[in-house]
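Please work through the two exercises below with the sequence and the model at hand. Each task is followed by a solution in steps.

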Amino acid sequence: MAGSLIERTLRVLETLSSEPDGIPLQRLAERLEIPKSAAHRICNELIRLGYARQESRTGHYRLSTRLVALGFRYLGSTGASDVLQPILDRLAAETGELVRLGVIEGDRQTWIAKAQGTRTGLRYDPDMGREAPLRYTASGQAWLASLDDHTALTLLARQDGDDPERFGPNAPRTDAELLERLALARERGYTCCVDSSALGTSAFGAVIRHPIRRHPIGVISIAGPSVRLTESRMHELAPKLLQAVEELSHCSQSSQLFCE
């Protein structure tokens, strides 16, 4: 895969971020479609700078904690922890489920904060920092529903590359089916997904808008096991979600985390 050195380096970092146990150099080079020698040089430079390390036993390359530290430092500097986290914590406590906050930047929505409401029993707890899939997640559909159909499908086409086998059984397989769900979400003011991102999980979400210009700046969602978070329960909890959305919209100007 062609690309500048900085693009290759960032792709190496992104790949390592999804490999907590590390990855062999050959597999890394094959996945990124770059020469093994180029992957080796990039990894060695990342190690020198403290952003990666190589396991002595396996020889696998993996990330260090330096990027994590940078992320926490950035979130602290934006004021997000002080301003936004209490709202997420309260919503998680009220619903007893996982609450996630996604920030919209360009054509990406990234989960950057969460609050876990349940302490025992079944817990749904994905990793933060991952780009939200748009087609089959409540977060992704909430953002798409805030756009017109043409813009939504254009945005979706830029990301849509996931294997349909990874979706849940109720995920929209066609654009026509997706547009029907987006229309329903616009009527309700929130999305509602059961067994869509994965079998056995449910989620519902709503978009956060800029308090003045009203364009979408983020998404908040609530997720949990579908045996507990049924569709009727999601509708019951929707007013709490929408209240939190309005609070986050008003608070967004107090944090530099949201893009203008």
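A crossing is left-handed if the near helix is turned anticlockwise from the far one by less than a right angle, and right-handed if clockwise. The model is predicted, so local features need pLDDT of at least 70 and side-chain atom pairs pLDDT 80 or more, while totals for chains, interfaces and linings use all residues. Residues are numbered from 1 along each chain as its sequence is written, and side-chain values use heavy atoms, without hydrogens and water.

**Exercise 1.** Describe how α8 passes α9 and which residues make the contact.

*Solution.*
Step 1. Helices are DSSP runs of H or I with at least four residues, strands runs of E with at least two, both numbered from the N terminus.
Step 2. Helix α8 (residues 149-159) and helix α9 (residues 175-188) pack at about 125 degrees, their axes 11 Å apart. Axes are lines fitted to C-alpha atoms over the stretch in contact, and angles run from 0 to 180 degrees between N-to-C directions.
Step 3. The crossing of α8 over α9 is right-handed.
Step 4. D149, A152, L153 and L156 of α8 meet D175, L178, L179, L182 and R186 of α9; contact means heavy atoms within 4.5 Å.

**Exercise 2.** Determine where S64 is found and whether S64 is buried or exposed.

*Solution.*
Step 1. S64 belongs to the loop between β2 (61-63) and α4 (66-78).
Step 2. With a relative accessible area of 14%, S64 is buried (buried: under 20%; exposed: over 50%; partly exposed: in between; 1.4 Å probe, protein chains only).
Step 3. Not counting residues up to four places away in sequence, S64 touches G50, Y51 and A52.
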